[in-house]
Amino acid sequence: MAVGAGCAALRGCLRVLKRAFSQHKGHSGKDMESTLQSVRSIVPPLTTGKHKGQDGRIGVVGGCREYTGAPYFAAISALKVGADLSHVFCTQEAAPVIKSYSPELIVHPVLDSPDAVRAVGEWLPRLHALVVGPGLGRDHVLLENAKGILEAAKAGGIPVVIDADGLWLVAQQPALVQGYPKAVLTPNHVEFSRLSEAVLGEPPDGRDRRGAVLRLSQALGNVTVVQKGERDVIADGVQVLECSQEGSSRRCGGQGDLLSGSLGVLAHWALRAGPEKTDGPSPLLVAAFGACALTRQCSRQAFQKHGRSTTTTDMIAEVGPAFSRLFED
Ligand SMILES: NC(=O)C1=CN([C@@H]2O[C@H](COP(=O)(O)OP(=O)(O)OC[C@H]3O[C@@H](n4cnc5c(N)ncnc54)[C@H](O)[C@@H]3O)[C@@H](O)[C@H]2O)[C@@H](O)CC1
Ligand SMILES: Nc1ncnc2c1ncn2[C@@H]1O[C@H](COP(=O)(O)OP(=O)(O)OP(=O)(O)O)[C@@H](O)[C@H]1O
Ligand SMILES: [Mg+2]
């Protein structure tokens, strides 16, 4: 018993040392392959003995008058990656639009109601992960409701992926995610600058992206941060990974939504598998790397077929084949 506990502690120490040593070095092709292998280890097997919901019940908080595509892209991506149920919590006006895109999503028209936080809160215990922000918009009432939902998710220990206007909210109130170990932020270039200025009081150093992402992550109490770009840079306060999986030169809107929706499922799978399985990088680093690689591979495959006319819908059609290619072959 004591020997077993000692071995587990030693393995834990070795993991931390390995992570600390890899903090400053580049991420080579060999590292990429070993991280992809870690992603493969968290993917749950498809077996006949499972019940609906076991492989993931994901919620997306977003969808308003202006933006109905973003929450749809995030929620459908979660399903296509392998979640069993995908919910969207949006405004009353956005709900019929999102429902009409897909009969597969469960759409709750609650986000602009006076008791939005209670209504979503009732669902939270049934969700494995929450994606906050795609298509949320910047309306004050919606942001306040998203804030209440985020606080309830934290109180319930639910993993949260924060993207798009959810990051706008966090830039106004960084304390919302400060030190929450199950949070992942997925800023694009502009969102990253905004967050850095809000949290660190200065714009990021563009010559040292790895350092800039690590500093933001540390300042937020080791929250996982994914800076999207030509290469995706991912840090969890201790270690930095880069994903340079080949994507495409198409920069149509919605690709980030595919990433955040996929990450919702992968975060759940990775945390469930735990650090013993991911062996080296933390579960959320592995999940984030997996979502980045998958999004870029979808972009590559869609671009091979559609070239300049590639849109996010074409990329979503590639989620299945891209996932198999990266994580199952
Ligand atoms: N079909 C839809 O419904 C979509 C809705 N979206 C939503 O639109 C809302 C606003 O999102 P935005 O991403 O526009 O955020 P912002 O409103 O903060 O705008 C960011 C601006 O930065 C620019 N930008 C992005 N990457 C850049 C880079 N590398 N260098 C320089 N400029 C860069 C963009 O063109 C954009 O104008 C969010 O709610 C988002 O989810 C997007 O997700 C796209 C798809
Ligand atoms: N210059 C680039 N070259 C290759 N891939 C890129 C480039 N910029 C972004 N990407 C990839 O595109 C995906 C989305 O990143 P992007 O910066 O477009 O997010 P976003 O602006 O939040 O998207 P959205 O329109 O969904 O809000 C990520 O997987 C990222 O790796
Ligand atoms: Mg975005």
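**Around ligand 1**

Helices α3 (69–81), α7 (164–172) and α8 (189–200) each contribute at least two residues to the shell around ligand 1, where helices (H or I, at least four residues) and strands (E, at least two) are DSSP runs numbered from the N terminus. This is a predicted model, in which local features need pLDDT of at least 70 and side-chain atom pairs count only at pLDDT 80 or more, while totals for chains, interfaces and linings use all residues. Residues are numbered from 1 along each chain as its sequence is written, chains are lettered from A and ligands numbered from 1 in the order in which they are written, and side-chain values use heavy atoms, with hydrogens and water left out.

Ligand 1 has 16 residues around it, of which A70, G135, D165, R194 and D257 come nearest; a residue is near a molecule if one of its heavy atoms lies within 4 Å of it. By class, this shell holds seven nonpolar, five polar and four charged residues, with Ala, Val, Leu, Ile, Met, Phe, Trp, Tyr, Cys and Pro counted as nonpolar, Asp, Glu, Lys and Arg as charged, and the others, Gly among them, as polar. A polar side-chain atom of R194 lies 2.8 Å from an oxygen atom of ligand 1, and a polar side-chain atom of D257 is likewise placed 2.8 Å from an oxygen atom of this ligand. A backbone N or O atom of G69 lies 3.2 Å from an oxygen atom of ligand 1. Taken alone, ligand 1 exposes 850 Å², and the protein buries 55% of that, with accessible areas coming from the Shrake-Rupley method with a 1.4 Å probe.

**Around ligand 2**

Which residues are the closest to ligand 2? Of the 15 residues that surround ligand 2, the closest are K228, D232, G254, G256 and R296, and the shell divides into one nonpolar, eight polar and six charged residues. Both α10 (255–273) and α12 (283–306) supply at least two residues of this shell, and the largest share, four residues, comes from α10. A backbone N or O atom of G256 lies 2.8 Å from an oxygen atom of ligand 2, while for R296 a polar side-chain atom lies 2.9 Å from an oxygen atom of the ligand. Taken alone, ligand 2 exposes 620 Å², of which the protein buries 79%.

**Salt bridges**

The model has 14 salt bridges, each a side-chain nitrogen of Lys or Arg within 4 Å of a carboxyl oxygen of Asp or Glu. One of them joins the side chains of E242 and R210 (2.8 Å, N to O). This pair links distant parts of the chain, with E242 in strand β9 (residues 240–243) and R210 in helix α9 (residues 209–219), 32 residues apart.

Definitions and conventions. A polar contact is a pair of N or O atoms within 3.5 Å; within protein, one must be able to donate a hydrogen and the other to accept it, and residues adjacent in sequence count only if both atoms are side-chain atoms.
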